[in-house]
Amino acid sequence: ILIQSFKDFEFIIVDDCSTDKSYDICKEYADRDDRVKLFRNEKNLWLVKTRNVLISHISDSSLYISPMDSDDIVIETYLEESFKFLEDNINISAVSANINFMSEDWKITWKREYDKTWDKISKIIFKKSPLCHWASLIRISDFNKIGFYYNEKFARAHDYELWSRFYGNWFKLAILNRYFLSYRIFPWQWKSKHLKITLWNTIKIQSSLIFKYRKIPTFSWVLYLILEILLLSLPSNIVLFLFKKISKIN
């Protein structure tokens, strides 16, 4: 983050009661670079609540927010390119890009290329998250209009819920044809360990697009929703295998 070509940003770090030396390491950087703002939770709040703690520390003068996780890597021009795009496209609320998936030992295992056009984004959102949350730059003024926090009822799939709020309130999202981020996969990650909860939250988010935001689904989305409901009845290891297959196809 600190070697970004775009220099005018504040780097807010929230330590969620880490038990290793993470906080001490971050404090060393905060002492050397005044862009680093370091905070520490008094008790373990987990991911989504900690994201909201981070949001509460954003300066009033900030125009954009870029959520990042501690185990991911972005290229040096990520902020510069994203910032320029949003400055040039005031009708876009958030922009993201393609991502690489890496193993624990930093080897790229596969790449994910997202659909680029708004027409395709507005269709794929009925099936899954249309943007990579960790390689996104979000316009704060538009974020404020849809509720300037993550929904803590969705401890899993909170990024998908966020994009559905943007879409449901008629805000546009965009994707650049670049690979900004490398996303590391660990066997203990939430989506792997709690996939059925993630899947159930996904179904609730998709349903809200119809019943809350009055969006009209396609026939293929209805079939997809039925398939997701059927997956809930299968053992977790089979669900994980099929979920990954479905995600790569769609």
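These are my notebook entries on a predicted model.

**Ground rules.** I am working from a prediction, where local features need pLDDT of at least 70, side-chain atom pairs count only at pLDDT 80 or more, and totals for chains, interfaces and linings use all residues. Residues are numbered from 1 along each chain as its sequence is written, and side-chain values use heavy atoms, with hydrogens and water left out.

**Core.** I looked up the largest nonpolar core, which has 54 residues. I took such a core as buried Ala, Val, Leu, Ile, Met, Phe, Trp, Tyr and Cys residues joined through side-chain atoms within 4.5 Å. Buried means under 20% relative accessible area, exposed over 50%, and partly exposed in between (1.4 Å probe, protein chains only). The members touching the most others are Ile-99, Ile-138, Phe-143, Leu-162, Trp-163, Phe-166 and Leu-181. Strand S8 (residues 172-184) gives the most to this core, seven residues. Strands (E, at least two residues) and helices (H or I, at least four) are DSSP runs, numbered from the N terminus.

I then checked Leu-162. Leaving out residues up to four places away in sequence, Leu-162 touches His-133, Ile-138, Phe-143, Ile-146 and Tyr-150. Contact here means heavy atoms within 4.5 Å.

Next I followed Ile-99, which stands opposite Arg-112 in S6. Strands S5 (residues 92-102) and S6 (residues 108-112) pair in the antiparallel sense over four bridges; pairing needs at least two DSSP bridges. Five residues sit between the strands of this hairpin, and Trp-106 takes a positive phi near 75°.

**Other positive phi values.** Cys-17 has phi near 60°. I found Cys-17 in the loop between strand S1 (11-15) and helix H1 (22-32). Cys-17 counts as partly exposed because its relative accessibility is 26%. Trp-46 has phi near 70° and lies in helix H2 (residues 46-56). Trp-46 is exposed, because its relative accessible area is 53%.

**Surface patch.** Which residues form a nonpolar patch on the surface? I list Phe-219, Val-222, Leu-223, Ile-226 and Leu-230, with about 490 Å² of accessible area together. Areas are Shrake-Rupley values with a 1.4 Å probe; for residues, only the protein chains shown count as cover. Val-222 lies in helix H9 (residues 219-231). At 33% relative accessibility, Val-222 counts as partly exposed.

**Ser-59.** Last, I placed Ser-59 in the loop between H2 and strand S3 (64-65). Ser-59 counts as partly exposed, at 30% relative accessibility. From Ser-59 to Ser-207 is 148 residues in sequence and 35 Å in space, C-alpha to C-alpha.

Technical notes: Patches are made of residues with over 30% relative accessible area and no salt bridge: like charges are joined within 9 Å, nonpolar side chains (Val, Leu, Ile, Met, Phe, Trp, Tyr) within 5 Å. A salt bridge is a side-chain nitrogen of Lys or Arg within 4 Å of a carboxyl oxygen of Asp or Glu.
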